[in-house]
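Subject: Structure for you to look at

Hello,

Below is the structure I am handing over to you.

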Amino acid sequence: MDQIRAFIKFVWRERFWVLSVVGTVVAAVCWQLSSTSLDAQFGKRKNEISGAFKNMNSLTSQAVHPNDDVNKGDRAQLVVQRNIVLDVWNKLYDRQREEVLYWPNNLKASFIKEIDQLEFGDPFPAHSAGNMVSHYRNYIKTRFDGLLEIPKALKMEGGRGGARFRGGGDVEGGEGRGARGAPRDEEEEEDYLVQWVDQNDLREKLEFNSKPTYMQIWVTQEDLWVYETLLNVIAKTNQERGATRPDNTAVRMIVALQVGRNAAAANQEKASLVMPSAGGGGGMGGEGGYGEGMYGGRGEEGMGGEGMYDRGEGMGMGGEGMYGGRGGMGEGGTMDDATVLANRYLDAEGEPYAGEPEDSEFRRLPIRMRLMMDQRWIPQVLIECANAALPVEVTQLRVNPEKSGGAFGSASGRSGGSSRPRGISGMDSLEDDPNIASVEIRGIVYIYNKPDETVLDVPGMDEDQLADAAANVQR
């Protein structure tokens with residue numbers, strides 16, 4: 001007992017140190033126990049996370065085997081996207097039909113009734129084909145003056161061989177085939193806003209001297225729709241400018257309007273293809289960018305002469321009327337369907353189709369405009385192109401290309417000649433105006449075909465299944 005009392009007395013006397021040692025030991029034991037537990041939990045959770053990552057990574061090397069629910073959901077979403085595309089397609093097609101792609105009321109109601117039941121390029125019904133062709137041939141020769149009215153263009157008189165505007169002089173250059181004839185009365189001279197240099201190219205297309213085929217009629221009418229669109233772009237630009245007379249227009253002169261095959265040929269040209277010579281010896285300008293060379297006149301060789309956009313006696317694609325004007329493929333000749341469509345439309349890469357286009361949604365028709373205009377109004381022209389009922393996708397814009405040393409009009413720099421058409425009334429004012437520029441616009445017009453649901457089909461589903469799948473997704 002005395003020993004116990006002595007120990008207690010010692011502990012009490014040395015209680016500070018005893019408690020310090022005991023506290024340290026207890027703390028060390030607790031720390032060790034906690035550390036061991038945390039290490040165990042950390043190791044366990046680390047293994048769980050590492051295992052989850054390994055499982056996820058292993059999925060990337062495994063073949064995907066979706067179940068029926070996944071397949072059903074995928075098809076349903078495809079149906080929704082298909083319906084959206086079909087709806088947009090219908091709206092674009094309907095807009096073009098309502099605003100542009102309709103047959104004029106000047107045609108007989110019986111003609112319109114028959115042709116409205118056909119798709120573009122379909123043969124005419126056998127029982128009425130002869131009457132339809134004759135009626136359209138009689139109608140189309142009267143349409144040209146109506147086109148001039150759209151931009152209020154000055155009418156060119158006469159036949160081939162040069163160009164004479166009403167009250168003006170001959171056009172010795174210019175990009176298109178000219179016309180020589182007598183001037184009209186002086187009081188009519190200023191009754192216009194725009195001069196259109198190559199208008200006779202279009203007029204000759206509309207003069208079928210032989211019986212056209214149904215495909216020539218389809219293509220000719222399609223050309224008219226696009227020409228109307230381009231002429232409206234010019235007219236609306238001048239309207240925005242507030243034009244009231246030729247010298248205050250935004251677009252002063254239409255040097256060239258090309259649609260289809262001619263536009264595709266022009267758009268494929270490369271600068272390196274032409275090495276113009278000084279003087280009037282052909283090439284691409286001879287006596288100036290618009291001189292006696294490629295674009296009309298009397299060049300002797302190269303791509304000039306009476307060549308690419310002139311009378312078709314050189315390397316050109318003109319012939320004497322692309323779609324039957326003055327005989328189509330020669331006096332009194334006609335073209336088969338393949339020839340009419342060859343190199344007319346573009347594929348997705350911008351290359352001409354050798355025959356009928358393969359696209360089911362739309363036809364890509366190339367266009368080219370060459371304008372003499374106030375360059376400050378170029379943005380407005382581009383706006384009007386984009387807002388047109390047949391929207392023009394502008395693929396290239398060139399300002400004063402004859403000054404670039406490239407393909408168009410580079411001879412002007414070598415020969416010292418003017419880059420502007422010569423012999424046209426009002427050209428002096430163009431030369432004196434520093435804002436007037438030569439503007440070339442190349443682009444594509446998308447003409448939508450009638451919507452076809454079969455080209456937007458979802459594999460493995462019939463129409464009833466498509467409808468059910470779309471309804472399930474919408475719910």
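Aspartate 247 is partly exposed, with a relative accessible area of 43%. Here buried means under 20% relative accessible area, exposed means over 50%, and partly exposed is anything in between, worked out with a 1.4 Å probe and with protein chains only. Arginine 245 is also partly exposed, at 44%. These two residues form a salt bridge, with their closest N and O atoms 2.6 Å apart. A salt bridge is counted when a side-chain nitrogen of Lys or Arg is within 4 Å of a carboxyl oxygen of Asp or Glu.

Before going further, note that this is a predicted model, in which local features need pLDDT of at least 70 and side-chain atom pairs count only at pLDDT 80 or more, while totals for chains, interfaces and linings use all residues. Residues are numbered from 1 along each chain as its sequence is written, and side-chain values use heavy atoms, with hydrogens and water left out.

Salt bridges

How many salt bridges does the rule give? The count comes to 15. One of them pairs aspartate 145 with lysine 155, at 3.0 Å between the closest N and O atoms. Aspartate 145 sits in helix α6 (residues 144-149) and lysine 155 in the loop between β1 (153-154) and β2 (156-157), so the pair links parts of the chain that are 10 residues apart. Helices (H or I, at least four residues) and strands (E, at least two) are DSSP runs, numbered from the N terminus. Aspartate 145 is partly exposed at 40% relative accessible area, whereas lysine 155 counts as buried at 18%.

Another salt bridge joins the side chains of arginine 398 and glutamate 440, at 3.2 Å from N to O. Arginine 398 is in strand β7 (residues 392-399) and glutamate 440 is in strand β8, so this pair ties together parts that are 42 residues apart in sequence. Both arginine 398 and glutamate 440 are buried. There is also a network: Lys205, Glu222, Asp223, Arg344 and Arg363 are joined by salt bridges that share partners.

Pockets

Rolling a probe the size of a water molecule over the atoms shows where empty space is left. The search runs on a 1 Å grid over the protein atoms alone: a cavity is a set of points where a 1.4 Å probe fits but cannot get out, a pocket is an open set with protein on both sides within 12 Å along at least five of seven lines, and lining residues have an atom within 4 Å of a point. Grid points are joined across faces, edges and corners, and a volume is the space filled by probe spheres set on the points.

The largest pocket holds about 500 Å³ of space. It is lined by 25 residues, and the closest to its centre are Glu119, Phe120, Arg363, Asn449 and Lys450. Two or more lining residues come from each of α3 (68-99), α8 (214-241) and β8 (436-448), and α8 has the largest share, with three. By class, this lining has 14 nonpolar, three polar and eight charged residues. Ala, Val, Leu, Ile, Met, Phe, Trp, Tyr, Cys and Pro count as nonpolar, Asp, Glu, Lys and Arg as charged, and the others, Gly among them, as polar.

The second largest pocket has a volume of about 400 Å³. Of its 21 lining residues, Glu99, Val100, Tyr102, Glu228 and Asn232 lie nearest the centre. The elements giving two or more residues to this lining are α3, α8 and α11 (378-387), and α8 supplies the largest share, seven residues. The lining divides into eight nonpolar, seven polar and six charged residues.

Cavities

The structure holds two cavities of 30 Å³ or more.

Two asparagines

Asparagine 343 has a positive phi of about 60 degrees although it is not a glycine. This residue lies in the loop between α10 (337-341) and β6 (362-374) and counts as partly exposed, at 34% relative accessibility. Asparagine 400 also has a positive phi, near 50 degrees, and is found in the loop between β7 and α12 (411-415). At 16% relative accessibility, asparagine 400 counts as buried.

Regards
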